[in-house]
Amino acid sequence: MVDVSQHNLVPEHSVLDEAEVDEVLAEYDIDRTDLPKIKRADPALPDEAEVGNVIEIIRDSRTTDQAVVYRLVVE
Amino acid sequence: MTEITDDIEAVVEDTNLPKRLKDQVYSTVDERDGVTVEQADQIAKAVENRYLDTRVDPLDPVGTVSAQSIGEPGTQMTMNTFHYAGVAEIDVTQGLPRLIELVDARKTPDTPMMTVFLEDEYADDRERAHEVVWGIEATKILALGDISTNVADMRVQISLNEDTLQERWPRVDSTDEIAGEIAGIIEDSLGVTTVQDGTSVEFGPEEPSYRDLLQLVEELRDITFKGIEEVSRVVIRKEELDSGEEFVLYTEGSAFGDVLSIEGVDASRTTCNNIHEIYRNLGVEAAREAIINETMDTLEEQGLDDVNVRHLMLVSDIMTNEGTIESIGRHGISGSKDSVLARAAFEVTVNHLLDAAIHGEVDDLNGVTENVIVGKPIKLGTGDVDLKMGSFSRQSGQAD
């Protein structure tokens with residue numbers, strides 16, 4: 001099986017622990033469900049990710065150095 | 001030449017600039033002669049001010065600006081050109097049709113293609129690169145030999161070309177063995193019994209029937225003996241890259257998932273122009289990147305490269321926001337808006353109003369379109385800000 005995370009188009013995905021999630025939500029003053037979504041079946045998702053987890057994605061941005069974005073795992 | 005001292009670094013690092021701009025400040029200072037720390041500080045401050053000035057203000061309608069910024073250059077794009085315009089004599093849809101295809105998120109593009117990069121050992125050896133080509137390109141019977149139909153005996157006779165067999169199956173030594181493999185594939189897919197003699201294979205319908213015989217020949221032509229069904233042609237090209245020369249394959253037709261697992265294919269750089277295949281195999285984040293790349297390439301190819309990539313990033317963000325690829329337009333983003341009036345204002349007005357009436361929908365008037373329709377201020381820019389006039393007492397100068 002091909003290791004998807006090795007592909008140039010795929011940025012780094014990691015599961016965010018709950019304390020960090022609260023920090024992020026507080027910083028942007030939003031609810032969990034306001035975050036962009038990612039499907040549970042997404043091939044780039046780490047194996048341990050479950051529905052309801054928030055995934056931290058670190059992209060190599062075109063406009064700044066690195067961009068950190070978050071996605072909520074949904075069914 | 002001015003050396004970047006710790007002091008200069010300190011004043012630059014002190015600003016609120018992103019890394020890329022800081023680097024640019026460093027290189028500019030580095031190029032000039034005799035820049036003092038104070039001057040460096042002023043430069044950094046000036047750049048910072050300009051940077052803060054050019055940032056998008058809160059409540060700016062970025063979507064509208066993006067729509068205009070992509071739409072206007074779109075008027076200058078070619079309506080219809082797709083003739084060997086791409087790399088390596090492969091037909092690719094370009095210009096407006098391609099852009100529409102991307103934002104509509106079509107399931108399959110008009111001209112699917114893949115760019116296949118090879119792993120080190122394969123990339124600089126033409127022979128080995130060809131091995132990969134034969135693994136990808138669909139090999140049909142006509143490429144392997146001649147078919148003749150013997151109507152008298154009701155038999156189909158295939159005489160395979162030994163050189164071609166050897167070329168396309170470089171790992172197998174005897175051509176008889178390859179012919180046996182081919183006979184096996186024919187038996188499996190047509191449900192007939194074959195007779196193999198050296199490199200010639202013969203078979204016929206169970207019951208003598210002229211129609212069945214022709215039917216078999218017809219089906220025989222469609223069987224893929226090697227490679228990937230969807231890929232009709234592969235072009236091999238030597239490319240100059242930063243790291244030196246290497247062979248790169250361009251394919252007509254795409255099967256991204258299958259290609260990634262073929263031996264010799266570099267699964268970290270290979271891409272295709274079908275965003276849905278990228279989504280299925282690499283996930284939503286890769287799809288987002290692919291949409292940005294493809295739209296930007298389409299614009300650049302038309303000489304419209306001064307469209308800021310941020311507009312395309314915004315489009316791509318919206319399209320992948322729900323974790324899947326959604327199209328812009330009636331069936332996608334615009335059709336899933338909360339507001340009835342906003343949807344009705346876009347397309348098929350009567351249907352939306354009728355459906356909304358049947359389901360008793362309520363419009364909360366939160367968006368832009370619906371507020372324009374009812375004549376209320378929109379919640380954008382100054383429209384979202386409430387100003388209240390306070391009164392000042394003469395003595396304290398404090399607001400009451």
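M154(B) counts as buried, since its relative accessibility is 16%; buried means under 20% relative accessible area, exposed over 50%, and partly exposed in between (1.4 Å probe, protein chains only). This is a predicted model, in which local features need pLDDT of at least 70 and side-chain atom pairs count only at pLDDT 80 or more, while totals for chains, interfaces and linings use all residues. Residues are numbered from 1 along each chain as its sequence is written, chains are lettered from A and ligands numbered from 1 in the order in which they are written, and side-chain values use heavy atoms, with hydrogens and water left out.

**Backbone angles in chain B**

- M154(B) is located in the loop between β2 (145-150) and β3 (155-160) of chain B; helices (H or I, at least four residues) and strands (E, at least two) are DSSP runs, numbered from the N terminus.
- The phi of M154(B) is near 60 degrees, a positive value in a residue other than glycine.
- V348(B), which is not a glycine either, has a positive phi of about 40 degrees.
- The loop between α16 (340-346) and α17 (349-359) of chain B holds V348(B), and this residue is partly exposed at 37% relative accessibility.
- Most residues other than glycine have a negative phi.

**The interface of chain A and chain B**

- Chain A brings 25 residues to the contact and chain B brings 34 residues, where contact means heavy atoms within 4.5 Å.
- About 2400 Å² is buried between the two chains, and carbon and sulfur atoms give 55% of this area; buried area is the accessible area (1.4 Å probe) that two parts lose on being put together, summed over both.
- H7(A), L9(A) and R62(A) supply 31% of the area that chain A buries against chain B, more than any other three residues.
- Four salt bridges are found across this interface, a salt bridge being a side-chain nitrogen of Lys or Arg within 4 Å of a carboxyl oxygen of Asp or Glu.
- R62(A) and E289(B) form a salt bridge through their side chains, at 2.4 Å from N to O.
- On the side of chain A that touches chain B, β2 (37-39), β3 (54-60) and β4 (66-74) of chain A each supply at least two residues, and β2(A) gives the most, with three residues.

**Helix α15 of chain B**

- Buried residues of helix α15 (residues 309-319) of chain B include V309(B), L312(B), V315(B) and M319(B).
- An α-helix has 3.6 residues a turn, so residues three or four places apart point the same way.
- The cover over the buried residues of α15(B) includes α4 (62-74), α5 (95-103) and α14 (284-301) of chain B.
- The N-terminal end of α15(B) is capped by N308(B), with a side-chain oxygen 2.9 Å from the backbone nitrogen of R310(B).

**Other sites in chain B**

- T115(B) belongs to strand β1 (residues 113-117) of chain B and is buried at 17% relative accessibility.
- Beyond its neighbours within four places in sequence, T115(B) is in contact with V248(B), L249(B), Y250(B), T270(B) and T271(B).
- L387(B), in the segment after α18 (368-374) of chain B, is exposed with a relative accessible area of 80%.
- P170(B) sits in the loop between α9 (162-168) and α10 (175-190) of chain B and is partly exposed, with a relative accessible area of 39%.
- P170(B) and E127(B) are 43 residues apart along the chain, and their C-alpha atoms are separated by 9.6 Å.

Terms used. A polar contact is a pair of N or O atoms within 3.5 Å; within protein, one must be able to donate a hydrogen and the other to accept it, and residues adjacent in sequence count only if both atoms are side-chain atoms.
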